[in-house]
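User: Could you help me learn how to read a protein structure, one feature at a time? Please put it on the screen first.

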Amino acid sequence: MYSYKHKVKYYETDKMGITHHSNYIRFMEEARTEFLCYYGFDYAKLEEMGIISPVVSVESKYKATTTFPDEIEIFVTVDEIKGAKIRFNYTMKKADGTICVEASSEHCFLTKDGKIVRLKKDFPDFYEAMTNLAENQ
């Protein structure tokens with residue numbers, strides 16, 4: 001299981017000193033980007049190949065608050081991959097092991113001109129790698 005660490009910045013908190021909920025989506029993007037890079041599929045390479053991956057949906061369950069300067073460890077897993085879509089799960093934990101957020105994001109894959117990328121057929125290396133991760137987590 002891949003994990004990414006993020007240290008909460010002061011500017012990411014609200015007037016109450018708590019990490020603003022919208023920042024967790026940014027943390028998910030940071031973790032997902034590093035996750036894909038770790039497995040050899042960084043966004044720069046995808047874009048060079050003419051592939052974009054817009055977000056289709058995001059779900060978050062906030063379980064505990066974080067504050068400046070908490071360190072959050074974000075565990076990223078592949079939940080499902082099919083057709084032109086992939087779903088990632090994220091579990092965010094504070095240093096003491098408390099789960100602060102459970103979330104997921106779904107992404108589709110398109111060419112830069114908007115055509116659907118069928119992952120298994122058009123991008124088999126990526127499809128196989130992500131399928132293996134989904135099955136072995």
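Analyst: Let's start with E80, which is partly exposed at a relative accessible area of 34%. Buried means under 20% relative accessible area, exposed means over 50%, and partly exposed lies in between (1.4 Å probe, protein chains only). This is a predicted model, in which local features need pLDDT of at least 70 and side-chain atom pairs count only at pLDDT 80 or more, while totals for chains, interfaces and linings use all residues. Residues are numbered from 1 along each chain as its sequence is written, and side-chain values use heavy atoms, with hydrogens and water left out.

User: Which side chain does E80 meet in a salt bridge?

Analyst: The partner is K82, at 3.8 Å from N to O. In general, a salt bridge is a side-chain nitrogen of Lys or Arg within 4 Å of a carboxyl oxygen of Asp or Glu.

User: How many salt bridges does the structure hold?

Analyst: There are 6. One of them joins the side chains of E102 and K63, 3.4 Å apart from N to O. E102 sits in strand β6 (residues 99–108) and K63 in the loop between β3 (55–62) and β4 (71–82), so this pair ties together parts that are 39 residues apart in sequence. The strands named here, like the helices, are DSSP runs numbered from the N terminus (strands: E, at least two residues; helices: H or I, at least four). E102 itself is partly exposed, at 31%.

User: How do I read a helix, say α1?

Analyst: Compare its reach with the expected span, which is 1.5 Å times one less than its number of residues. Helix α1 (residues 21–38) has 18 residues and reaches 26 Å from first C-alpha to last, close to the 26 Å expected. Its buried residues include Y24, F27, M28 and F35. After α1 comes G40, with a positive phi near 90°.

User: Which residues make the nonpolar surface patch?

Analyst: I25, V55 and V58 make it, and it covers about 220 Å². I25 belongs to helix α1 and counts as partly exposed, at 38% relative accessibility.

User: How should I read a pair of rings?

Analyst: Two values describe a pair of aromatic rings: the distance of the centres and the angle of the planes. Rings of Phe, Tyr and Trp (its six-membered ring) pair if their centres lie within 6.5 Å; planes under 30 degrees apart are stacked, over 60 edge-to-face, and the rest tilted. This structure holds 12 aromatic pairs. F41 and F123 form an edge-to-face one, with 5.9 Å between centres and 90° between planes. That pair links distant parts of the chain, 82 residues apart: F41 is in the loop between α1 and α2 (43–48), and F123 in the loop between α3 (119–122) and α4 (124–135). Both F41 and F123 are buried. F41 also pairs with F126: the centres are 5.1 Å apart and the planes at 85°, so this pair is edge-to-face too. Here the partners are 85 residues apart, with F126 in helix α4. F126 is buried at 0% relative accessibility, and F41 at 13%.

User: Which residues do ring pairs link into a cluster?

Analyst: Look for Y2, F35, Y38, Y39 and F88.

Note on methods:
Patches are made of residues with over 30% relative accessible area and no salt bridge: like charges are joined within 9 Å, nonpolar side chains (Val, Leu, Ile, Met, Phe, Trp, Tyr) within 5 Å. Accessible areas come from the Shrake-Rupley method with a 1.4 Å probe; for residues, only the protein chains shown count as cover.
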